[in-house]
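This report covers one predicted protein model, shown below with its sequence. It goes from a single residue to its sheet, then to the cores, the aromatic rings and the chain as a whole.

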Amino acid sequence: MARPLGESHKRFLQTMMVNGIIDGAKARALHRHCCETHGAHYAHDKLDEFIEVINAQLQPMFMQIRKGMSEEDGLQYHALVNMAETDVTRMSTDYADNELELFRKTMDLIVDSDNGTASSTDILNCADSLQTKKLKKRETEHVLNRLVQDKWLNEKNGDYSLSTRCIMEMEPYIRMLYQDQVKVCHICHNVALQCQMCENPTCGIKIHTPCVARYFKGRTDPRCPACEDFWPHEIPDVYRPPSSQSETQSAAKENTAPTPTPRSTAQARRTKRS
């Protein structure tokens, strides 16, 4: 029998519903804040067990708080994901048919690329050939801004990539739809889009850029972990997040989270009613 949720668990879940996704530092700080606020037992190394209690209650609703890694900086994130819908149909309540088609075409461009990104120019060109209803340039830019704001895409210098939230929620769908194109990271075994690739034609493994940084750290003669050929790519530094705020300060701001999207608000209402 699943353990009932305490007030600390409920507060943690409500914050996850508002934010959708938070990084590991904020999750740890939120865990401590919720436990201390409601007088629950707190242990800094028990976050996973704390979340397991919540997930046991979410299971009948086909939802889960899942842990994953950002392809960009290698940081751990926690996201509230919908397990029942693994494709873009989950977004149908927030986006029109032609907007969903644009997102699918953007995913195609990102997966087909060598670096896991799609340029705004290429996406704008796709918008002119949509089967549902063509989008004008300004309309396309507006949709892309919404997709970034809703944390489905990331944007940097005019290039778009799938966000951490998107990959965590849609990884089964991505693996199924692009099974001949997508490979998993040789180190962490998650889908690898922004990555480096072994240049040995008989090998060709992929490794996330952050995983490359950690795996080859301090090695003067980097070798492919699969075939032991020389690894010719630049080895990036291990990313270290800025420590301008303490985790406690971060947790104290839980109620200043971004305005929830219609989807997350609806989820919160259904959970409260249940």
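Ser-119 is partly exposed, because its relative accessible area is 22% and the classes are buried for under 20%, exposed for over 50%, and partly exposed in between (1.4 Å probe, protein chains only). The residue belongs to strand β4, residues 118-119; helices (H or I, at least four residues) and strands (E, at least two) are DSSP runs, numbered from the N terminus. This is a predicted model, in which local features need pLDDT of at least 70 and side-chain atom pairs count only at pLDDT 80 or more, while totals for chains, interfaces and linings use all residues. Residues are numbered from 1 along each chain as its sequence is written, and side-chain values use heavy atoms, with hydrogens and water left out.

Leaving aside residues up to four places away in sequence, Ser-119 touches Gly-158 and Asp-159, where contact means heavy atoms within 4.5 Å. Its C-alpha lies 6.2 Å from that of Tyr-160, a residue 41 positions away in sequence.

The strand pairing accounts for this neighbourhood in the following terms. Strands of a sheet pair through backbone hydrogen bonds, either parallel or antiparallel. Here two strands are taken to pair if DSSP finds at least two bridges between them. Strand β4 pairs with β6 (residues 159-162) in the antiparallel sense over two bridges. Strand β5, residues 153-156, runs antiparallel to β6 and is joined to it by four bridges, with Leu-153 opposite Leu-162. Two residues lie between the strands in the β5 and β6 hairpin, where Asn-157 takes a positive phi near 55°. Together the three strands form an open antiparallel sheet in the order β4-β6-β5. Its edge strands are β4 and β5, each of which pairs on one side only.

A nonpolar core is a set of buried Ala, Val, Leu, Ile, Met, Phe, Trp, Tyr and Cys residues joined through side-chain atoms within 4.5 Å. The largest one has 30 residues, and those with the most contacts inside it are Met-91, Phe-103, Leu-147, Leu-162 and Met-170. At least two residues of this core come from each of α4 (97-112), α5 (120-127), α6 (137-149), β6 and α7 (164-177). Helix α4 supplies the largest share, six residues. A second, separate core has 17 residues, including Leu-13, Met-17, Ile-22 and Leu-58.

The aromatic rings come next. Three aromatic pairs are found in a search of the whole structure. Rings of Phe, Tyr and Trp (its six-membered ring) pair if their centres lie within 6.5 Å; planes under 30 degrees apart count as stacked, over 60 as edge-to-face and the rest as tilted. Two of these pairs are set out here.

| Pair | Centre to centre | Angle between planes | Class |
|---|---|---|---|
| Phe-12 and Phe-50 | 5.4 Å | 70° | edge-to-face |
| Tyr-215 and Phe-216 | 4.9 Å | 85° | edge-to-face |

Tyr-215, by contrast, is partly exposed at 26%, whereas Phe-216 is buried at 2%. Ring pairs join Tyr-215, Phe-216 and Trp-231 into a cluster.

Charged groups also meet rings. A charge sits over a ring if NZ of Lys or CZ of Arg is within 6 Å of the ring centre and within 35 degrees of the ring normal. Arg-219 lies over the face of Tyr-215, at 4.3 Å from the ring centre. The charged end of Arg-165 sits over the ring of Trp-152, 4.0 Å from its centre.

As a whole, the chain contains ten helices and ten strands. Of its 274 residues, 44% are buried. Of the contacts between residues at least 6 apart in sequence, 55% join residues at least 24 apart. The chain exposes about 15300 Å², of which carbon and sulfur atoms supply 47%; accessible areas come from the Shrake-Rupley method with a 1.4 Å probe, and for residues only the protein chains shown count as cover.
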